[in-house]
Amino acid sequence: QVQLVESGGGLVQAGGSLRLSCAASGSIFSINAVGWYRQAPGKQRELVASITTGGSTNYADSVKGRFTISRDNAKSTVYLQMNSLKPEDTAVYYCNAGVPFRVVSGLFGSWGQGTQVTVSS
C-alpha cells in the first residue's frame, strides 16, 4: 500500500512562509492528481490546492496568489509553498492522490497524519 507522508509544518508569524512536502512511497504521483487539504479545529477538511498529472493547478479562493503547488515526479514528492501566511491558515495540512474527481471531492478512505501549520498574529 502506498503511503503518503506530509512534512514541513511549523510555527510561523503572520506574513511568513513555509514549504510543505508530500512524499510518496511509490510512483503514484506520476499517474494521479494530488491535492493538499487542511482541517482547522472544529471545521471540515477542505481542499486547498490540487495539481493534475499534466501540471494544471487549482486553488481555493482563500489561498490564491499566496500558495503554490508543484510536483517532482522523479522524487515522488509534491510541494505546497505557502507565502504571506495568515492566522486563518492555521490547520493540519494533508495530502492525498487519486483520480481528479476524488481529489476534488476529498473522498479518500485513508489519510496520513498530516503536518501542523500554526500562524501567529
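**Entry 1: Asp89 and Arg66.** I looked up Asp89 and found a salt bridge to Arg66, with the closest N and O atoms 2.8 Å apart. I counted a salt bridge where a side-chain nitrogen of Lys or Arg is within 4 Å of a carboxyl oxygen of Asp or Glu. Asp89 sits in the loop between strand 8 and strand 9, and Arg66 in the loop between strand 6 (57–59) and strand 7, so I noted a link between distant parts of the chain, 23 residues apart. Strands here are DSSP runs of E, at least two residues long, numbered from the N terminus.

**Entry 2: What I am working with.** The model is predicted, so local features need pLDDT of at least 70 and side-chain atom pairs count only at pLDDT 80 or more, while totals for chains, interfaces and linings use all residues. Residues are numbered from 1 along each chain as its sequence is written, and side-chain values use heavy atoms, with hydrogens and water left out.

**Entry 3: Burial.** Buried means under 20% relative accessible area, exposed over 50%, and partly exposed in between (1.4 Å probe, protein chains only). Arg66 is also buried, at 9%.

**Entry 4: Arg38.** I then found a salt bridge between the side chains of Asp89 and Arg38 (2.9 Å, N to O). Arg38 lies in strand 4, so this pair ties together parts that are 51 residues apart in sequence. Arg38 forms a salt bridge with Glu46 as well, at 2.7 Å between the closest N and O atoms. Arg38 is buried at 6%, whereas Glu46 is partly exposed at 33%.

Entry 5: I counted four salt bridges in the structure.

**Entry 6: The core.** The largest nonpolar core has 27 residues, and Met82 is among those with the most contacts inside it. Such a core is a set of buried Ala, Val, Leu, Ile, Met, Phe, Trp, Tyr and Cys residues joined through side-chain atoms within 4.5 Å. I listed the contacts of Met82 (heavy atoms within 4.5 Å). Not counting residues up to four places away in sequence, its partners include Arg66, Phe67 and Tyr93.

Note on methods: Helices (H or I, at least four residues) and strands (E, at least two) are DSSP runs, numbered from the N terminus.
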